[in-house]
Amino acid sequence: MNIHSFLADGDQQSNKYHFSLNIIHKAQERRKNDGDASTLGDSYLRSCALRLAQQGNYTEAIALLSQLISRHPHNAVNYNNRGLIYFQSGETQKALSDYNTALKLNPYLASAYNNRANYYAACGELAAALVDYDQAIDFNPRHVRAWINRGITWRDLGQYEEAIENFEVALLFGQLEGHIWAERGRTYHLWGDWNCAIADYRRALTQLPSSETTRDVTGSRLRLQIENWLNDLLFPGRPIW
C-alpha cells in the first residue's frame, strides 16, 4: 500500500482554544448549578475532548467522550467521535465497534461511514472501504474527505483514472486543496505522468503548512512526504545518506 493519510471526520475539530484537564474539571464544576448545563456542558466537553485528542492526550479525550455517551447513550455523533479517537490511539477494534454503534443509531451519518471506511482501508480491506466511502458520498455528495479517501483507495487498487476523477470532483468544493493536489500528484507520479505530478506537488506545497508554523500534524506530515516525492522526481540519482 502506498504511503498516505486517510482524512477522518470529527465533530468541532476546528476549535482554536487550548485546554487542559484542570480547566475542564473546573468548568464542569461551574456548570453543575447552571440551568442550561446539559446543552452547554455537552458542547464544551465535546470540543475539549477533540482538542485533547489533537494534542495526543487520547486517554483523557476518550474519558470525556465516554462521559458524554453515558449522558446520551443514543447520540451517534459521540460514538463516532470516540471511535475516531480510539482509531488514532491504535485501539482499532474499539474504533470499529463505536463506528458500528454510531451507524446503528444513525444509518445516515456520512462521517461515520467515512471513518469506518478508513478503518477498512488501513486493514487492507479495500473493497469494504469503497462500499463505505460510496455510502458517505451518497448521503452527503459534498463530503470532500470521502471523495479524497475514495480516490486514494482506487489508487491503491491501481485504478489511477478512477482515482484522478475522484480528486478532480473533490477540488470542485474549494476545500482541502493542498491535500487533494498532493494525492492527485502522487497518483500521477505512480501512473508515470511525472510532469503533472511535479506540478501538483508544487501546488500542494503552496497550501500545506510547515511543521514550524502549525499544529496541523497531518498537514505537516503530508508536506514532508511531498518534499520526498518531489525530490525523487527532480533528483532521481541523488545519494541516500
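Leaving aside its neighbours within four places in sequence, D200 is in contact (heavy atoms within 4.5 Å) with W181, R184, G185 and Y188. D200 itself lies in helix α11, which covers residues 194-207, where helices (H or I, at least four residues) and strands (E, at least two) are DSSP runs numbered from the N terminus. With a relative accessible area of 1%, D200 is buried; buried means under 20% relative accessible area, exposed over 50% and partly exposed in between, with a 1.4 Å probe and protein chains only. The model is a predicted one, in which local features need pLDDT of at least 70 and side-chain atom pairs count only at pLDDT 80 or more, whereas totals for chains, interfaces and linings use all residues. Residues are numbered from 1 along each chain as its sequence is written, and side-chain values use heavy atoms, with hydrogens and water left out.

The overall secondary structure consists of 12 helices and 0 strands. Of the 241 residues in the protein, 46% are buried, and among contacts between residues at least 6 apart in sequence, 56% join residues at least 24 apart. The accessible surface, computed by the Shrake-Rupley method with a 1.4 Å probe, comes to about 12300 Å², and carbon and sulfur atoms account for 50% of this area.

The axes of α10 (residues 177-191) and α12 (residues 217-234) come within 11 Å and cross at roughly 30°, the axes being lines fitted to C-alpha atoms, for helices over the stretch in contact, with angles from 0 to 180 degrees between N-to-C directions. That makes α10 roughly parallel to α12, since angles under 35 degrees count as roughly parallel, over 145 as roughly antiparallel, 65 to 115 as roughly perpendicular and the rest as oblique. Where these helices meet, H179, A182, E183, R186 and H189 of α10 face T218, G219, L222, I226, W229, D232 and L233 of α12 through contacts.

The nonpolar interior comes next. In soluble globular proteins, nonpolar side chains tend to be buried together. A nonpolar core is here a set of buried Ala, Val, Leu, Ile, Met, Phe, Trp, Tyr and Cys residues joined through side-chain atoms within 4.5 Å. The largest such core has 48 residues, and those with the most contacts inside it are I85 and I148. The elements giving two or more residues to this core are α2 (37-54), α3 (58-71), α4 (76-88), α5 (92-105), α6 (110-122), α7 (126-139), α8 (144-156) and α9 (160-171). A second, separate core of 15 residues includes Y201, W229, L230 and L233. Beyond its neighbours within four places in sequence, I85 is in contact with A49, L50, A53, Y58, A61, I62 and L65.

Two of the contributing helices, α4 and α5, have axes that come within 8 Å and cross at roughly 165°, and they are therefore roughly antiparallel to each other. Residues of α4 that meet α5 include Y79, R82, L84 and F87, and their counterparts in α5 include T92, A95, Y99 and L105.

Helix α6 holds Y119, which counts as buried at 5% relative accessibility.
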